[in-house]
Amino acid sequence: MRALGIDPIHDTRRTFDGLLTAMSRPGTVHTVPSPADYAVVATLVDHEVAVATDDETLRSALSEQGRLDAASPERADIVHVCERANVDVRECKRGSLTEPSDGATVVYRVETVNSGRPDATTVTVSGPGVDGTATFSPSLPERELSALTQAQSGYPRGIDAIFAGEDRLAAIPRSATVEVA
């Protein structure tokens, strides 16, 4: 994954650790190798995972590694969403009652991911792994965050969402309750 600026051993290990912590402590922000969205996709994708992305650099790097099983966002296991992508997260795979883990993981490339700020749209997360609530601000339009809330509304079905800024990420697993303000 050197074509993406990601060390395939050290950076993916650091990213995996950051992802594990972010998923187990939803709404917390963690530092990972840069660019974070590429690091996340490089960490999660193998030859058994279908990927949807409009990013030609990412598609090319995965293809060169023999790891690109391209799919539409509605059929993909990993959906990489660039800041201005035309993906309706509510149409992504949400798993089933018997196999909720078949839901997609959506990786949003965002400009910034910060702890909650009063001047930005904030996401408040509660549920397993959260002591009370956690708040953070990904630089996504409120309508996209509202669509995510709708996609998360049928637990145990839903999607896992990862917000990846330059070198920071936050995550919302399908088990979390999400509010947008």
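# Notebook: sheet, cores and helix packing

I started at strand E5 and found that E5 and strand E9 (residues 160-164) pair in the parallel sense over five bridges. Within that pairing, I noted Val 107 opposite Ile 162 in E9. This is a predicted model, so I checked confidence before going on.

**Confidence.** I read a mean pLDDT of 92 for the chain, with 96% of its residues at 70 or more. Strand E6 (residues 113-115) has the lowest confidence, at a mean of 89. Strand E1 (residues 30-31) has the highest, at 97.

**Strand E5, other side.** I then looked at strand E4 (residues 78-81), which pairs with E5 in the parallel sense over four bridges. Here Val 79 stands opposite Val 106 in E5. I also looked up burial for E5 (residues 105-109): four of its five residues are buried, and the strand is mostly covered.

**Whole sheet.** Which order do the strands take in the open sheet? I traced seven strands as E1-E10-E9-E5-E4-E2-E3, with mixed pairing. E1 and strand E3 (69-70) are the edge strands; each has a single partner strand, so one side of each is left without a neighbour in the sheet. At the E1 end, E1 and E10 run antiparallel and are joined by two bridges.

**H1 against H2.** For this helix pair I noted a packing angle of about 95 degrees and axes 9 Å apart. That angle makes H1 roughly perpendicular to H2. From H1, the residues that meet H2 are Thr 12, Thr 15, Phe 16 and Leu 19. On the H2 side I listed Ala 39, Val 40, Ala 42, Thr 43 and Leu 44.

**Ala 39.** I took one residue of this contact for a closer look. Ala 39 lies in helix H2 (residues 36-44). Is Ala 39 buried or exposed? I found a relative accessible area of 1% for Ala 39; the cut-off for buried is under 20%, so Ala 39 is buried. Leaving aside neighbours within four places in sequence, I found Ala 39 in contact with Ile 6, Thr 15 and Pro 33. I also checked Ala 39 against Ala 164: they are 125 residues apart in sequence and 9.1 Å apart in space, C-alpha to C-alpha.

**Nonpolar cores.** I counted 29 residues in the largest nonpolar core. Those with the most contacts inside this core are Val 79, Val 89, Tyr 108, Phe 163 and Ile 172. The elements giving two or more residues to the core are E4, E5, strand E7 (123-126), strand E8 (134-138), helix H4 (142-151), E9 and strand E10 (168-172). H4 gives the most, with four residues.

I went back to Val 79 and listed what this residue touches, not counting residues up to four places away in sequence: Ala 52, Pro 73, Val 87, Cys 92, Ala 104, Thr 105, Val 106 and Val 107. A second, separate core has 23 residues, among them Val 41, Ala 61, Ile 78 and Ile 162.

Methods: Residues are numbered from 1 along each chain as its sequence is written. This is a predicted model: local features need pLDDT of at least 70, side-chain atom pairs count only at pLDDT 80 or more; totals for chains, interfaces and linings use all residues. Side-chain values use heavy atoms; hydrogens and water are left out. pLDDT is the predictor's confidence in each residue, from 0 to 100. Buried means under 20% relative accessible area, exposed over 50%, partly exposed in between (1.4 Å probe, protein chains only). Two strands pair if DSSP finds at least two bridges between them. A nonpolar core is a set of buried Ala, Val, Leu, Ile, Met, Phe, Trp, Tyr and Cys residues joined through side-chain atoms within 4.5 Å. Contact means heavy atoms within 4.5 Å. Axes are lines fitted to C-alpha atoms, for helices over the stretch in contact, and angles run from 0 to 180 degrees between N-to-C directions. Angles under 35 degrees count as roughly parallel, over 145 as roughly antiparallel, 65 to 115 as roughly perpendicular and the rest as oblique.
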